[in-house]
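Okay, thanks for letting me jump in. Have a look at this one with me, and then I'll talk through how the helices go together.

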Amino acid sequence: MEDRGGSFVAVRRISQGLERGDAYHSTSAEVVAGSAAWLGKGLSCVCAQRRDSDANSSFDLTPAQEECLQRLQNRIDVAYDGSIPQHQEALRALWKLAFPEEELHGIVSEQWKEMGWQGKDPSTDFRGGGFISLENLLFFARNFPKTFQDLLRKQVGDRSVWEYPFAVAGINITFMLIQMLDLEAVRPRTVVGATFLKLFAEDESAFDLLYCIAFKLMDHQWLAMRASYMEFNTVMKSTRRQLERELMIDDITRLEDLPSYGLLSR
């Protein structure tokens, strides 16, 4: 993956939910910038490192699993490129799903801050996750629209004054999953990664679905811990540990069997 320099933006909650017409704008002093803690190069700090016992291990794959892994790695390798029309259209589609009643005035616009991007050009935030992180957000919005809207608008739970920015958090989750599952390796070097690839070979939407589960679980942990933006790394580490535990459950044959999958319907 390429260089992931950057800083994060913490979003102050204006109300219990983001109403139409409300926006997160730096000009209204509702956004503060901080040092790179969970975006850019700091992304690596939100993910626990591979255990020493796994360092020299690898797991054999069936030919079908190898093909699935290669296709997923091909997706991971695609960088977001704002000059590509298909990438621009995907970004516009995300806006339409997020704010169907509000017209987007341009691919570069202050409006993007409403979704939790750092600035008016989301392309600058994609360095950490690539085009697949946009695909993950689109999958989430299309397949779990209510949960997507609840998280976007922070409509559930007793939330902190300073909230995580939705879109940038989504990129962090994509990157966390890639690390957790060791998806850039030739073959999985962890039991969790090998287990996931068995599920993925049965359902190639598994990575996108796990993303949705992880996003909702992260928010669930956020609320349970009464976290604020300075604790985002802690919440992400807790989320990763919980996902790893659930993927290791013996009778899991599909992602819908994970205990945290039930959170998506709440």
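Predicted model: local features only at pLDDT ≥ 70, side-chain atom pairs only at ≥ 80, totals over all residues.

**Starting from one leucine**

Let me start at leucine 210: setting aside neighbours within four places in sequence, leucine 210 is in contact with Leu177, Met180, Leu181, Phe196, Leu243, Leu255 and Leu258. Contact here means heavy atoms within 4.5 Å. Residues are numbered from 1 along each chain as its sequence is written, and side-chain values use heavy atoms, with hydrogens and water left out.

Back to leucine 210, which sits in helix α7. Helices are DSSP runs of H or I with at least four residues, strands are E runs of at least two, and both are numbered from the N terminus. Is leucine 210 buried or exposed? Leucine 210 is buried, because its relative accessible area is 0%. The cut-offs are under 20% relative accessible area for buried, over 50% for exposed, and partly exposed in between, with a 1.4 Å probe and protein chains only. As for leucine 258, C-alpha to C-alpha it is 9.6 Å from leucine 210 in space, and the two are 48 residues apart in sequence.

Now the partner Phe196. Again leaving out neighbours within four places, phenylalanine 196 is in contact with Leu72, Leu181, Leu183, Ala206, Phe207 and Leu210. Some of those belong to a helix pair: Phe196, Leu199 and Phe200 in α6 meet Ala206, Phe207 and Leu210 in α7. By class, that contact has six nonpolar, no polar and no charged residues. Nonpolar is Ala, Val, Leu, Ile, Met, Phe, Trp, Tyr, Cys and Pro; charged is Asp, Glu, Lys and Arg; the others, Gly among them, are polar. The axes of α6 and α7 come within 9 Å and cross at roughly 120°, and α6 and α7 are therefore oblique to each other.

Compare α2 (residues 85–98) and α4 (residues 145–152), which pack at about 85° with axes 10 Å apart. That makes α2 roughly perpendicular to α4. Leu94, Leu97 and Ala98 in α2 meet Phe148, Gln149 and Leu152 in α4, and by class that contact has five nonpolar, one polar and no charged residues.

Zooming out, the largest nonpolar core has 69 residues, and those with the most contacts inside it are Met115, Leu177, Phe196, Phe207 and Phe215. α7 gives the largest share of this core, 12 residues. In general, nonpolar side chains in soluble globular proteins tend to be buried together.

What about α5? α5 has 15 residues and reaches 21 Å from first C-alpha to last, close to the 21 Å expected at 1.5 Å a residue. 14 of the 15 residues of α5 are buried, so α5 is largely enclosed by the rest of the structure. Just after α5, aspartate 182 takes a positive phi of about 55°.

Beyond four places in sequence, glutamine 73 is in contact with Leu183, Glu184 and Ala185.

To wrap up, the protein has eight helices and three strands, and 52% of its 266 residues count as buried.

Methods
Axes fitted to C-alpha atoms, helices over the stretch in contact; angles between N-to-C directions. Parallel < 35°, antiparallel > 145°, perpendicular 65-115°, else oblique. Core = buried A, V, L, I, M, F, W, Y, C linked by side-chain atoms within 4.5 Å. Expected span 1.5 Å × (residues − 1).
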